[in-house]
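Thanks for coming. I will go through one structure, starting with the chain as a whole and then moving to a few of its side chains and its pocket.

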Amino acid sequence: DFLSNLVFEMRVLNSRSYPSVDLPYNSHDLFKDMAISAVYKISDMHAFGLEYGRETFGQEYQSMMFFENRDPGEPIRIVYSPPAPWIAAIVQRNKMLDWYGAVWKLSFPKFGIVNFVYPYARTVIGGTRQGPLAKFRFGLEMYPTNYSMFNLGLEGSVLQYIVEGSWHRTYKLGATFGVAIGF
């Protein structure tokens, strides 16, 4: 039946952006560096679903800005600032972004360790308000009961965003830990 193949997961993320930006982010701490998902298992190996997350992304780019009219509420760092009202500045900022994506999860039940720990891989293709996002995660999942699961994994992400007509990219690498409930 439908519910027996449906799994809900919540996880926390601990990752670092490249470029690394040591600035405060532009939002509150509610649901920071977390994600929730719902996936539907279509076989022992494959599952598809949706995921929502919220995390910070360091950004660095060159921008032409009118220095007196920049947004004073957004913490940015001007790395180079010549003495002119219109400046070609190298800008750094740390953006908290909501993201959404489609999930494909690949499980490997034949490679289980004592019928308790199993390897998996997971891909998310989605986006943010600033641009497209891709994530890849691999790790181990543990099943203490038939209806619950813990997972631990390594995750890599790439965010593409556009500023003043030019595309820029932020990479992230880190660890994730989650819990899941099935029916």
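**The chain as a whole**

Take the contacts in the protein chain between residues at least 6 apart in sequence: 60% of them join residues at least 24 apart. Please keep in mind that this is a predicted model. The protein chain has zero helices and nine strands, and its pattern along the sequence reads β-β-β-β-β-β-β-β-β. Of the 183 residues in the protein chain, 39% are buried.

Next, the aromatic rings. How many aromatic pairs are there? With ring centres required to lie within 6.5 Å, the count is seven aromatic pairs. I will show two of them.

One is Tyr61 with Tyr161. Their ring centres are 6.4 Å apart and the planes stand at 70°, so this pair is edge-to-face; the cut-off for that label is over 60 degrees. Tyr61 belongs to strand 3, residues 46–66, and Tyr161 to strand 8, residues 148–163, so the pair ties together parts that lie 100 residues apart in sequence. Are these two buried or exposed? Tyr61 has a relative accessibility of 8% and counts as buried. Tyr161 is buried too, with a relative accessible area of 1%.

The other is Tyr118 with Tyr143. Here the ring centres are 5.8 Å apart and the planes are at 70°, so this pair is also edge-to-face. Tyr118 is in strand 6, residues 117–127, while Tyr143 is in strand 7, residues 132–145; the two are 25 residues apart, and the pair links distant parts of the chain. Tyr118 counts as buried at 16% relative accessibility, because the limit for buried is under 20%. Tyr143, with a relative accessible area of 32%, is partly exposed.

There is also an aromatic cluster, formed by Phe31, Tyr52 and Tyr100.

The charged end of Lys105 sits over the ring of Tyr120, at 5.7 Å from the ring centre. In the case of Lys172, the charged end sits over the ring of Phe57, and the distance to the centre is 4.9 Å.

**One arginine**

Now to Arg122, which is found in strand 6. What is Arg122 in contact with, leaving aside its neighbours within four places in sequence? The list is Glu9, Ser37, Val39, Glu51, Val103, Trp104, Lys105, Lys135, Phe136 and Arg137. Lys105 in that list is the residue whose charged end sits over Tyr120. With Ser37, the side chain of Arg122 makes a polar contact of 2.8 Å. Glu155 lies 33 residues from Arg122 along the chain, and their C-alpha atoms are separated by 9.1 Å.

**The largest pocket**

The largest pocket has a volume of about 520 Å³. Which residues are closest to its centre? Of the 28 residues that line the largest pocket, they are Val7, Lys41, Asp44, Glu141 and Tyr143.

Strand 9 supplies the largest share of the lining, three residues.

That is the end of the tour; I will take questions now.

Terms used. Residues numbered from 1 in each chain as written. Predicted model: local features only at pLDDT ≥ 70, side-chain atom pairs only at ≥ 80, totals over all residues. Heavy atoms only, no water. Phe/Tyr/Trp six-rings, centres within 6.5 Å; stacked < 30°, edge-to-face > 60°. Helix = DSSP H or I, 4+ residues; strand = E, 2+ residues; numbered from the N terminus. Buried < 20%, exposed > 50% of the residue type's maximum accessible area, 1.4 Å probe, protein only. Lys NZ or Arg CZ within 6 Å of the ring centre and 35° of its normal. Contact = heavy atoms within 4.5 Å. Polar contact = N/O pair within 3.5 Å; in protein donor to acceptor, adjacent residues only side chain to side chain. 1 Å grid on protein atoms, 1.4 Å probe; cavity = no way out; pocket = protein on both sides within 12 Å on 5 of 7 lines; lining within 4 Å. Points joined across faces, edges and corners; volume = space filled by probe spheres on them.
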